[in-house]
Structures are given as structure tokens and as C-alpha cells.
2 protein chains.
Amino acid sequence: MELPEKLLKAVKQFSRLPGVGEKTALRQSLIMTKWNKEDLMHFAEAIKGLSEINHCKKCGMYCDQELCRICTDSFRSQATTLCVVESVTDCLAIERSGHFRGKFHILFGVLNPLLGIGPDELKLDELISRVENENIEEVILAVNPSVEGDATCSYLKQALPEKTRVDRIGFGIPMGGSLEFVDSLTITKALENRRHL
Amino acid sequence: MELPEKLLKAVKQFSRLPGVGEKTALRQSLIMTKWNKEDLMHFAEAIKGLSEINHCKKCGMYCDQELCRICTDSFRSQATTLCVVESVTDCLAIERSGHFRGKFHILFGVLNPLLGIGPDELKLDELISRVENENIEEVILAVNPSVEGDATCSYLKQALPEKTRVDRIGFGIPMGGSLEFVDSLTITKALENRRHL
């Protein structure tokens, strides 16, 4: 049976989300046809609102005001450690771990010449000027392991002032992981990154 | 870290969908913050559109025009078999099986005195007048098995004209199912509904 166009439109939109196939999208759309009009309006408004989220002027994190909670935190804004991440989600992941008390800087991507993403497309100049002006002593590159991530780290090591200590987060066996099931590249990295006890 | 209010609003809305927990909702919302404004507008419009879907004037199915594809189908509109279902989704499930070539009638619920759903809240009068006016010889009650569903079927059996044959769909072991894993109520029903070979 052919479904009405308005339903199919909603199905198409839901299918664009990660982890949502056509079947789930149809189920969700059908359930929503039973919602009242007001609830649907609220949903639609919430979606539109996603285009209006502010970024922190300093670090690039999402925020409601000009600066985010971290950049306005009286303790953390004095920190001399800056953690560089690719994206807002990576920043959130580190915050969730709850062990980093310094500041963040979001690059919004990594260098990728094939996709035409050079230093000007990322927030690299902003990073360098922050390191110089905010009295940063240590930069932790929490960039994901990939060819592009590695290249971005090498570039940053060169571009950052020489007196600044530049570290990259450690790679190895994840906690709770088992050597048996970990891929060989991770094992190689874990052997390289062994620590003297 | 506290997330911006606009993001949380979207997370809250997504969490209302079936099968979407807070974690999935956050993931979906975060990915959508990377969409461009136009795409978000399309999504929002599609959601709003769900409140504007027409129901077929005859059977209650979703449709773009006054009457649905089935009610306007020259072959099926002549059928003398009418399948009664609770909801649009149940109707779609039967259509998907592809073996029913008659007409449908959607009740939009079942009798449920505890929730205040009596015969007036359902499309029962419409069903009875259709059976009388459309020359229906056989009514198949494809109502789900539940106390309320059973009561609705008894009510309909009484309310429909005596000359109309009234059947209820069969209950038993599902195809591909295994006796080992099927609940005892289903087994009881399957024993009751045994067929002579």
C-alpha cells in the first residue's frame, strides 16, 4: 500500500539519523502521527533550534552565552593545561571522564588535504594565539588516531611555541579490553607505549 | 558539563520516540547540530506535516486524497470481505503480508471501559453501516488478542447483521516459531485452534 506523502517525508528525514533504518523511521513516524499537533510543533521547534546553538568564542564548545561554562569557571580559566580535540563530542567524552581540569580547544576537524581541509579551515591560528596569550604551559593533543590525526599533531608540534610542552594522549589496550580481542595495530601501539614499573 | 538548552530540548524530544534512550537522543541531536540550517528546516517541516495527514473517509486509512488507494481500487472496492483492524499500523501489517484482497475498516482502538472507551469512541457505527450498505458478506476481525480485543469482538458479533459471516483471525504458534520458546497461553490457543488434517 502506498503511504501518504507527508508520512514518507518524515520517514525519509528520520532515516538520515545514525542508527535509524527505514523500518525504525517508519515506526517512529507512525507513532508520531498519533501525537497531538502541539507536541509535533514542539518537536519541530526543537529541531530548528539546533541551528541556533552558540559556540563559545574562546574554545568552540556549545554554550548558551558568549563563553562556555569552562572558560568562565574561575578555577579552570586559570589552568595552564590546554586540551586540543577535534570535535564537540570528543570534548564531551573527556568531560564525562571527569579527570581533566584544564581548558579545551576545539579544532573542528583535522588536516585532510584530500578533502581540501588545510590549516585555514581549522581553528589553528586561534589555538596558537590562545597558547601565547593565556599563559599555557602544556598542550595535550587529544586527537583521534588516524593518518590525518597524526599529521595534524605533527603540524601542531611545529606550529606551537617551542617552550610549550606538547603531549599526545596515550594509545593502547582499552580498560576492560582483552588482548585476545584487540586488533594488532592497537597491540603494536600498546607495546610501543609500555611503561616502566 | 552542562549542555546548551537548545540541545537539551532536542534531546528531550528525541527521547520520547520508541526505542530511543537518552544516549541515542544525545547522539542524534549532536549529529544534527552539524547539519546545515536548510536540512534542519526540512526535518522540522516533515514533523509538522505529520499532523496534517488525511484519513480515508471510508476506512480510516492514511491517504493523500479523500479516499485511500484501497477504497478507490476498482477491484477491491467491489470485494465482499471486510477486514476490521484496531489501527493504521495493523492495517499496514496485513497489507504487507500481501494475501488479503478485500477492504479494511479501522476502529481506532478497542472497547476499554476502564479508559472510558465505549462504542461511541470507536468507528463502530460506521462499520455497521458499511456492512449494510456495501454488500459485505464476510467480516474478518483482525483484532489483537487481549481482554479488550476479545470483548470488542463479542460486541461486534452481536452488533453486526445476523446474515453476515463474522470470523476472527487465527491464533497459534507463529511461523518459524518453536514450541520450546512459545509462551503457554499461545500453546493453549494453538491446541484449541488445531485443524483436522
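Analyst: The mean position of the 25 positive charges of chain A and that of its 28 negative charges are 4 Å apart. This value, like every other one here, is computed from a predicted model.

Chain A has eight helices and six strands. Along the sequence these elements follow the order α-α-α-β-β-α-β-α-β-α-β-α-β-α. The radius of gyration of chain A is 22 Å, whereas the globule rule gives 16 Å for 197 residues, so the chain is more spread out than a compact globule. Taken along the principal axes, the box filled by the C-alpha atoms of chain A is roughly 65 × 45 × 35 Å.

Surface and interior may be considered together. Of its 197 residues, 43% count as buried. Among the contacts in chain A with a separation of 6 or more, 46% are between residues 24 or more positions apart.

A:Glu66 is situated in the loop that runs between strand 2 (62–63) and helix 4 (69–72) of chain A. Its relative accessible area is 51%, and A:Glu66 is therefore classed as exposed, the cut-off being over 50%. Apart from neighbours within four places in sequence, A:Glu66 has contacts with A:His55, A:Cys56 and A:Lys57. A:Gln13, by comparison, is 53 residues from A:Glu66 in sequence, and the C-alpha atoms of the pair are 32 Å apart in space.

The second copy extends the picture. Chain A is superposed on chain B by a rotation of 180 degrees with a shift of 0.1 Å along the axis, at an RMSD of 0.1 Å. The two copies are thus related as by a two-fold rotation axis. Within chain A, A:Ala44 has the C-alpha nearest this axis, at 2.1 Å from it. Both copies use the same surface, since 100% of the contact residues of chain A recur in chain B.

B:Gly19 is located in the loop between helix 1 (5–15) and helix 2 (22–32) of chain B, and its relative accessibility of 73% makes B:Gly19 exposed. B:Gly19 and B:Leu8 are separated by 11 residues in sequence and by 18 Å in space, C-alpha to C-alpha.

B:Ala159 belongs to helix 7 of chain B and counts as partly exposed, with a relative accessibility of 28%. From B:Ala159 to B:Phe171 there are 12 residues in sequence and 23 Å in space between the C-alpha atoms.

B:Thr164 occupies the loop between helix 7 (147–159) and strand 6 (165–168) of chain B. With a relative accessible area of 4%, B:Thr164 is buried, because buried means under 20%. Beyond its neighbours within four places in sequence, B:Thr164 contacts B:Val131, B:Ile136, B:Glu137, B:Glu138 and B:Val139.

Notes: Residues numbered from 1 in each chain as written. Chains lettered and ligands numbered in written order. Predicted model: local features only at pLDDT ≥ 70, side-chain atom pairs only at ≥ 80, totals over all residues. Heavy atoms only, no water. Helix = DSSP H or I, 4+ residues; strand = E, 2+ residues; numbered from the N terminus. Rg over C-alpha atoms; globule rule 2.2 N^0.38 Å. Buried < 20%, exposed > 50% of the residue type's maximum accessible area, 1.4 Å probe, protein only. Contact = heavy atoms within 4.5 Å. Lys, Arg positive; Asp, Glu negative; His and termini not counted. Charge placed at Lys NZ, Arg CZ, Asp CG, Glu CD. Least-squares fit on C-alpha atoms with pLDDT ≥ 70 in both.
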